[in-house]
Amino acid sequence: MAKEKKPVTRRDFLRGTLGTTLGASLMGSKFLQAGRMTAGGSVADPSLVTIVRDKGAMDANNSVSSDVLKAMLDETLTKFTGKPTAKDAWLSLVTPEDTIGLVPTPHLNPTHQEVVDAVKSSLIEAGIPDEKILGAQGGPDKPKACTALIGLPGLKAHWLTGIGTVMKLYILYSGSPRNYHDENNAKLGEIWNYPFVKGKTKLVLVDALHPLCDKGPQPDPRYKWPYNGLIAGTDPVAVETVCLRIIMEKRKAMRGEDWPLSPPPLCVEAADKVYGLGTSNWENIKVEHYGWDQDLLLG
Amino acid sequence: MLILVMVVLILGGFDLFKGTKLMQSKPILPKKVGMWTGPDSPQNVTAENIFDYMDGAGELYLAYRFDSLEVYEYRAQNQPEILVELYFMNTSDDAFGLLSLDWGGEPVKLDPASKGERNIDDSQWPQGLYGEGLLRLWSDNIYARVMATRETSESKKTVLTLGRLITKDRENPSPPELMEKLPDSFGLDWILRRGMASFFRSHLVLNSLYYLGHENMLELDLTSEGVTAPYERKDSSGDLQRIQFLLLDYANPERAENALAHFHRVYLAEHPPPEHSGFSQKVVNVFPIEDGWMGYRLKENTLAFVFECPDQETVRTTLEQIN
């Protein structure tokens, strides 16, 4: 007889037993065997996440400076990969034979077009043919047409999923986005494991130029602020965890008191514990930051 | 006979959609407002295509009694675009509920001549709130968002002008009755955090205000209504303490009792469920849980909860104070 699904409640968070509850509710006993594994099945090293910021990335009208952004992107690529140039960095992540899909956030604090354009130009400069670089936000046909994906989410909170940045980026790939709202936001990670998505994400580059720290569901300019940053990593869960930290710290700073995200972002821990996509454990994340360091909001 | 049918339908409507319904003039926004020029006619959005217009944000409006949305885009040379969204809700309570989700921003008095059934005290529940280019307002059954993509002195003036045009000649009824059941204080020292008091109908919205659990364990839907707010006091060492109050009103006592049973089964599974109340009897229970004492009171079709209390006495005092 199948065990009745145990709903997640506030008390699970208070008890600190969310991991067990959530995992069991989604995966049954398989959860207990799951941990953070690499694609090869071994426990991974700490995940590197870089933050590059420049105070001049946007002007007083929040217009993006393409020159500053290009320099930030170059620095992100070289610092993250340890390669001497942006070209070398890209070629350590993708190949000229790849069909590369760029995946920006389409709604509610969408990714700046300047970020998408900068990434595309940089890839072309690295030797990737223009026609091999596609816009890949949309239905399941988009990732199916690509051999590599570059995630370009905008940093934001979300009223149904708590945070709506990295794990939610591929929600349209499911073909049924409403199935991942409410409690089912915990299952967002499963989309990353679809056969036509799994293993294709070569870099997650978060547009943190002008984030949104409250959940919407529609943009409210009072909750946006110029962070002027790019956040990068290849572990999507680690990148999301850093994004979550920044949003939480900003909310606390804005209100002068704890201001929890509600509902809590179940998708982050589930992506780690249930779907094995990366780590949500801060101790297993190595954050390196470069450039403007005022109000980094890393706690 | 026809008149009788119409009366029945109208009264039935009031019963189904508890909350004041007024026949009000529909705002017709001008094509020119200052330097800005709008469309010849608005874009119309319904429940059927709301997700095409705003992606998942549509869930919020469908969590209230949404009827339709009109969208106007105003443009001016060298000035930011101004987007006007008029959400037509089935009742005034629903429009108020949308505004009540965030009382932040600068209160704006939009219609000084407003004449509701009761006087509206704008210092308590503002009709409009402005901040950094965005005006949000409640005008009877309309919830509106008027947003400049960038704030300039000219855009602020035009945004506020548009707000006044929307509310012009429209009367505002009182806030939802349930909202007015929130006391200013519990006992002598627990004071209502007015800026965090909200009206809702759905567990999705409740979870965005105060998370209890993802399952709809309180069996909320468009026939129910709820308010929630924190109450705060300073303890003897000057630290702020907070409790969370939740008041729910169901269509009938049976639904309220079923909701409590469901909540109990999910949230208080280690405790025996409440006995059948016979609907007219009051049921009060108090429990220690992980973040303090919580309790509930069921009476007829109303369920009251209080969470995170420092002691049993606070729970009982709070629940006893609710009429």
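Reply: In this predicted model, H9(A) passes H10(A) in a left-handed crossing. H9 covers residues 236-255 of chain A and H10 covers residues 266-273 of chain A, and their axes come within 10 Å and cross at roughly 155°. An angle over 145 degrees counts as roughly antiparallel, so H9(A) is roughly antiparallel to H10(A).

On the H9(A) side, the contact is made by A:Val237, A:Glu240, A:Thr241 and A:Leu244, which meet A:Val268, A:Ala271 and A:Asp272 of H10(A). By class, the residues of this contact are four nonpolar, one polar and two charged.

Next, the contact between the chains. Chain A gives 26 residues to it and chain B gives 30 residues. On the chain B side, the elements that give two or more residues are helix H3 (58-62), helix H6 (203-209) and helix H7 (253-267) of chain B. H6(B) has the largest share of that side, with four residues. The chain B side holds 13 nonpolar, nine polar and eight charged residues.

Within chain B, domain 1 spans 18-167 and domain 2 spans 179-321. Their centres, taken over C-alpha atoms, are 31 Å apart. In the contact between them, domain 1 of chain B puts 11 residues against 12 residues of domain 2 of chain B. Helix H4 (residues 92-100) of chain B supplies the largest share of the domain 1 side, four residues. That side of domain 1 has five nonpolar, three polar and three charged residues.

Note on methods. Residues are numbered from 1 along each chain as its sequence is written. Chains are lettered from A and ligands numbered from 1 in the order in which they are written. This is a predicted model: local features need pLDDT of at least 70, side-chain atom pairs count only at pLDDT 80 or more; totals for chains, interfaces and linings use all residues. Two residues are in contact if their C-beta atoms, placed from the backbone, lie within 7 Å. Ala, Val, Leu, Ile, Met, Phe, Trp, Tyr, Cys and Pro count as nonpolar, Asp, Glu, Lys and Arg as charged, and the others, Gly among them, as polar. Domain bounds come from an automatic or database domain assignment. Axes are lines fitted to C-alpha atoms, for helices over the stretch in contact, and angles run from 0 to 180 degrees between N-to-C directions. Angles under 35 degrees count as roughly parallel, over 145 as roughly antiparallel, 65 to 115 as roughly perpendicular and the rest as oblique. A crossing is left-handed if the near helix is turned anticlockwise from the far one by less than a right angle, and right-handed if clockwise.
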